[in-house]
Amino acid sequence: MNTVFSKGLLLATAIACLPTVAAAQDAARSADDEANGFGDIIVSAQRTDQRLQDVPISVTAITSEEIQTRQVLAPTDVARLVPNLKLDGVTGGSAGLKAYIRGGGGTDGGYVMSEAEVALYVNDIYNARMQGALMDFAEIERIEVLRGPQGVLYGRNASAGAINIITKQPADHFTGNVQAGYGTWNERRLKGYISVPLSKDGKWAASFNGIVRARDGGRQYNATLDRKVGKERFGGGQFDLAYKGDAVTGRLNLYYLDLNSDGQWSVNTVTNGQGKIVPLSGSYRTVLSPVPSDTRVKQKGGSLHLTADYPGGTLTSITGYSEMDDFWIQDFSGGVYPEMIGAPGTTPVALFIRDSDSSQWQFSQETNAAGSLADGLIDYVAGLYYFHETGRQVMTSTVFFAPSTTNFYARTDAWAGYGQLTFNVTDQLALIAGGRYTLEDKSLNADIAGVPAISRDHYKKFTPKLGINFKPSQDVLLYGSYSVGFKSGGYNGLASTAAQLAAAFRPQTTDAYEVGIKADLGSTLRVALSGFVNKIKDRQESISLGDGGFIIENYNMTVKGLEAEIAWKPVTGLQIWGNGALNDGKYRNVPASASLAGNTPPFLPDYQATIGFDYNFDLGSGRFKFGADANFRDAYFSTADNAPIGAVTSTQIVNAYVGYDVGPWQFQVAGKNLFNQINWQTGFGFSVINPRFMTDPRTVLATARYSF
């Protein structure tokens with residue numbers, strides 16, 4: 001795509017000029033600039049605490065203030081704040097998540113064998129199942145989104161990137177907050193956080209945060225059942241016990257989540273006389289299925305973080321455990337008029353009902369050491385990682401009134417050793433070398449309609465990283481890197497036959513090249529620019545069989561792109577911010593007879609951008625605040641087959657908020673998708689079954705928060 005790389009000349013020019021501009025603005029900083037400037041954001045993206053602007057990878061950090069102000073209520077809300085990040089719900093049940101970074105992700109998140117290319121972490125614990133990933137977290141300290149392969153320090157299934165959600169730790173003093181909210185569809189929310197010291201010296205502390213929320217139906221209307229749908233109830237809590245000693249720290253985290261909703265509702269479509277795909281019901285907000293949908297998810301778990309300082313470094317142990325029960329049922333056909341299949345009657349019928357009942361548990365243990373050698377000449381991180389998961393699932397599908405049951409039992413054991421060295425050649429120049437060696441054993445015991453599907457598979461891979469960092473000034477970092485990402489092979493839960501299910505698809509490998517710059521220009525302008533090339537071998541693509549089933553085939557492809565993040569504080573109280581990406585992706589060396597010959601890779605829009613602002617000023621005895629952002633995304637295909645039913649049109653989504661802070665109180669009204677753009681996130685089809693899955697219409701939420 002020539003447009004992307006002609007515009008790349010502008011990026012190259014900007015990169016060349018930034019060090020000179022930064023040096024000039026360093027000298028011109030004023031006291032007002034410092035007061036209105038950006039503070040340091042500390043992140044742990046490289047397994048050690050660093051300033052965000054010193055991290056030589058493409059990482060976005062979303063602070064607790066931004067989470068509160070910009071109404072980040074679930075992982076899907078993060079996408080507009082991060083370039084080249086796409087987050088959607090899955091099509092099986094209402095609680096799952098599909099995550100894509102730079103076009104890499106996964107489409108079948110509702111199965112116990114499903115593994116995305118984007119690794120989701122909560123408090124540094126890898127969350128293997130994304131069925132429960134859409135659930136709220138009560139109190140978040142920050143969210144870190146790492147773009148590009150994280151094959152050394154994160155490793156497992158992070159070949160496209162990683163998302164790490166860090167929840168708030170106990171404080172060494174008494175503090176807390178309580179928040180109530182009311183919004184669209186009679187949504188009611190109540191959440192709170194409280195932290196108390198347990199010892200006079202403040203070394204021992206405990207905290208609890210929790211949330212309960214519920215909403216009525218109204219997201220869509222079911223014309224066949226004559227009722228509004230979209231009803232949901234959710235509750236969750238988290239307990240933390242922390243010890244902060246001089247040389248030893250510890251944090252025990254326990255949590256429980258419970259979601260009950262009337263599930264996901266698909267909208268069947270037809271092609272009208274003008275060749276346009278339109279909802280059979282006349283609207284994406286009206287569904288016709290006679291079968292009630294349902295989603296129920298319960299998840300509980302915990303983690304234990306221990307650190308101990310030693311001369312020149314810190315030893316860290318991270319232990320995690322979780323288990324989840326997940327049930328969903330829905331009609332993928334969305335309701336079909338009987339006359340469409342030559343049957344009598346006028347009441348819509350369900351032609352593709354699927355229900356899933358699954359349970360999963362996982363355990364992980366990671367131990368790493370990080371520090372410096374030779375008076376700071378070498379910084380190092382080295383560690384060992386173990387992961388174990390088992391999952392059971394019973395899937396029943398009734399397609400054109402013919403039932404079939406599939407039983408899955410899957411097991412994974414993974415081991416890895418990793419290390420990364422940073423050689424500080426001078427105060428300005430550093431060289432990076434690292435690597436990770438991964439071993440994975442996977443097994444599947446399954447059957448489709450009684451026909452067994454059994455497989456045992458072993459994978460191993462070394463994923464290296466090389467990089468160079470150059471800091472011409474304190475506030476400018478230029479970096480370049482070569483890294484490798486790896487995602488092991490696996491099993492296709494959407495297979496139609498036992499033979500397809502038992503045939504493991506091949507692992508995929510990503511060779512990634514990236515250059516970038518991060519700069520604070522003066523104290524009021526912050527910029528991050530990057531360019532990347534990902535060469536992917538054996539990309540795992542899901543191909544529709546036209547009967548409700550899918551196969552997974554391996555393809556080689558190349559993805560190139562440019563990304564930018566900018567934040568500017570021109571005057572006191574005002575911040576203008578934005579992010580964007582330009583992409584170009586192509587399959588390589590595809591035989592003319594292949595399923596995807598001539599196709600465009602899915603989930604890779606040519607462009608994506610968000611522009612927004614936040615403004616606050618003193619008013620009376622408090623502070624008035626308001627802001628807005630607009631997200632623009634080009635059209636793209638949501639399925640690798642490039643079928644028209646899965647083509648997603650371009651979107652322009654506007655969000656805004658207004659609030660008033662006075663003393664310990666914070667009041668806010670925030671709206672998403674203010675112009676009520678009705679769109680869909682994906683679709684597939686065969687015969688008269690051609691469903692699409694709607695994204696959220698306009699929503700508004702009012703909140704009142706009291707902090708103490």
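Contact here means that heavy atoms lie within 4.5 Å. The model is predicted, so local features need pLDDT of at least 70 and side-chain atom pairs count only at pLDDT 80 or more, while totals for chains, interfaces and linings use all residues. Residues are numbered from 1 along each chain as its sequence is written, and side-chain values use heavy atoms, with hydrogens and water left out.

**View 1. Surroundings of phenylalanine 684.** Leaving aside neighbours within four places in sequence, phenylalanine 684 is in contact with Phe332, Phe352, Phe550, Ile645, Ile689, Asn690, Pro691 and Phe693.

**View 2. The largest nonpolar core.** A nonpolar core is a set of buried Ala, Val, Leu, Ile, Met, Phe, Trp, Tyr and Cys residues joined through side-chain atoms within 4.5 Å. Buried means under 20% relative accessible area, exposed over 50%, and partly exposed in between (1.4 Å probe, protein chains only). The largest such core has 26 residues, and Phe684 is among those with the most contacts inside it. At least two residues each come from β24 (402-424), β25 (429-448) and α4 (498-502). Helices (H or I, at least four residues) and strands (E, at least two) are DSSP runs, numbered from the N terminus.

**View 3. Alanine 498 in helix α4****.** Alanine 498 counts as buried because its relative accessibility is 9%. Beyond residues up to four places away in sequence, alanine 498 touches Ile448, Val451, Pro452 and Ala453. Valine 451 is 47 residues away in sequence, yet the C-alpha to C-alpha distance is 6.2 Å.

**View 4. Threonine 60 in strand β3 (residues 58-63)****.** Threonine 60 counts as buried because its relative accessibility is 5%. Its side chain makes a polar contact with the side chain of arginine 147 (2.9 Å).

How values were computed:
A polar contact is a pair of N or O atoms within 3.5 Å; within protein, one must be able to donate a hydrogen and the other to accept it, and residues adjacent in sequence count only if both atoms are side-chain atoms.
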